[in-house]
Every structure is written in structure tokens, then in C-alpha cells.
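Me: I've got a fold open on my screen and would like to learn how to read it. Could you walk me through it?

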Amino acid sequence: MKCIIIYESIHHNNTEKVAKVIADEIGGELVNVRDFNKKYENLDEYDLVGFGSGIYYGKIHKNIKNFIDTTEHMDNQKSFIFTTSGRSKSSFNEKFKDFLNSRGFNVIADFNCKGFDTFGPLKIVGGINKDHPNEDDLNDAKKFAKSLK
């Protein structure tokens with residue numbers, strides 16, 4: 001299975017930690033959205049495309065959104081998503097799925113977990129979910145990745 005995982009991870013590398021576990025498990029190419037270039041131009045050449053993002057005030061990172069917005073409309077391209085956030089709400093993934101589906105992707109699976117969060121006013125109190133994603137979260141990500149095979 002040829003897979004590419006495109007992600008953005010900013011503050012504490014929460015999403016990158018999850019992305020690496022998933023990529024290792026399924027043998028996928030791992031690309032930070034900021035490093036994406038013409039080498040990976042044809043996403044339809046992949047059997048599976050993964051997208052990962054931290055959640056910021058209930059939304060995916062603007063770099064991931066802009067990337068998807070500027071990607072040619074896909075034709076039912078199989079994809080999966082994963083997110084990390086301070087609140088770890090699955091409803092964030094629903095919005096992400098709807099967005100991808102509107103761009104021609106077929107989201108077959110999703111994963112979310114807690115991430116250390118010091119964004120905005122949380123910085124004042126030292127953040128929430130320190131040490132997340134932890135070993136249990138990463139093991140859950142590994143199980144998720146196995147389910148994609």
C-alpha cells in the first residue's frame with residue numbers, strides 16, 4: 001500500500017509524534033505540509049492519504065486547510081485524518097471529515113487524542129494535558145494505524 005501522511009505540528013510537536021507512529025506502522029511517507037513540494041504533486045498516485053493537524057480554537061491548522069483548499073479536487077481518494085487537541089473532542093474530526101469529503105476525499109477512518117496545550121490563555125496557567133500524547137495515546141495511534149492496513 002502506497003501511503004503519504006501530510007501533517008502540521010506547531011507548538012509542542014504533539015501531532016508530529018502521532019504522525020511518526022502512524023507512518024512507522026504503515027510504512028507511509030511522512031511530509032510536513034510546509035515541506036510539501038512538486039515531488040508529491042499527484043496525490044491520486046497514493047492508495048491512501050493521511051492528514052494530521054492540531055486543533056486551534058476548534059479548527060484545523062490554517063496550513064493544512066490552505067493545502068487542501070488548493071489541492072485539485074480528488075475523485076474519491078481514500079484518506080484518513082488524525083488530530084491532537086487540548087480538549088480531544090471527536091466533533092473536531094467531524095468538521096475535518098466534512099471539509100475533506102467536500103474536496104473529493106473519501107475519509108475512511110479518523111483518530112484523535114489529547115495533546116499538551118498552551119495555546120492562547122492556557123499559557124497563563126501552564127497549559128493542560130502535560131505529557132500528552134503519552135505512551136497510551138501513542139499505542140492507541142499504533143492500533144489505529146494497524147486498522148488502516
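Reply: Helices (H or I, at least four residues) and strands (E, at least two) are DSSP runs, numbered from the N terminus. Two ground rules: this is a predicted model, where local features need pLDDT of at least 70 and side-chain atom pairs count only at pLDDT 80 or more, while totals for chains, interfaces and linings use all residues. Residues are numbered from 1 along each chain as its sequence is written, and side-chain values use heavy atoms, leaving out hydrogens and water.

Me: What share of the residues in the chain is buried?

Reply: Buried means under 20% relative accessible area, exposed over 50%, and partly exposed in between (1.4 Å probe, protein chains only). Here buried residues make up 52% of the 149 in the chain.

Me: How many salt bridges does a search of the whole structure find?

Reply: Look for a side-chain nitrogen of Lys or Arg within 4 Å of a carboxyl oxygen of Asp or Glu. The search finds five. One of them joins E8 and R34, with the closest N and O atoms 2.9 Å apart. That pair links distant parts of the chain: E8 sits in strand β1 (residues 3-8) and R34 in the loop between β2 and β3, 26 residues apart.

Me: Is E8 buried or exposed?

Reply: E8 counts as buried because its relative accessible area is 0%, whereas R34 is exposed at 52%.

Me: Where do K65 and D69 lie?

Reply: Both are in helix α2 (residues 62-70), four residues apart, about one turn of the helix. K65 is partly exposed at 37%, and so is D69 at 34%.

Me: Which residues are linked with K97 in a network of salt bridges?

Reply: E94 and D110 are linked with K97 in that network. The K97 to D110 contact is 3.2 Å, N to O. It spans distant parts of the chain, from helix α3 (residues 90-102) to strand β6 (residues 105-114), 13 residues apart. K97 is buried at 17%, while D110 is partly exposed at 27%.

Me: Last one: how many disulfides are there?

Reply: A disulfide is a covalent bond between the sulfur atoms of two cysteines. The rule asks for a pair of cysteine sulfur atoms within 2.5 Å, and the count here is zero. As for cysteines, C3 is buried at 2%, and C113 is buried at 4%.
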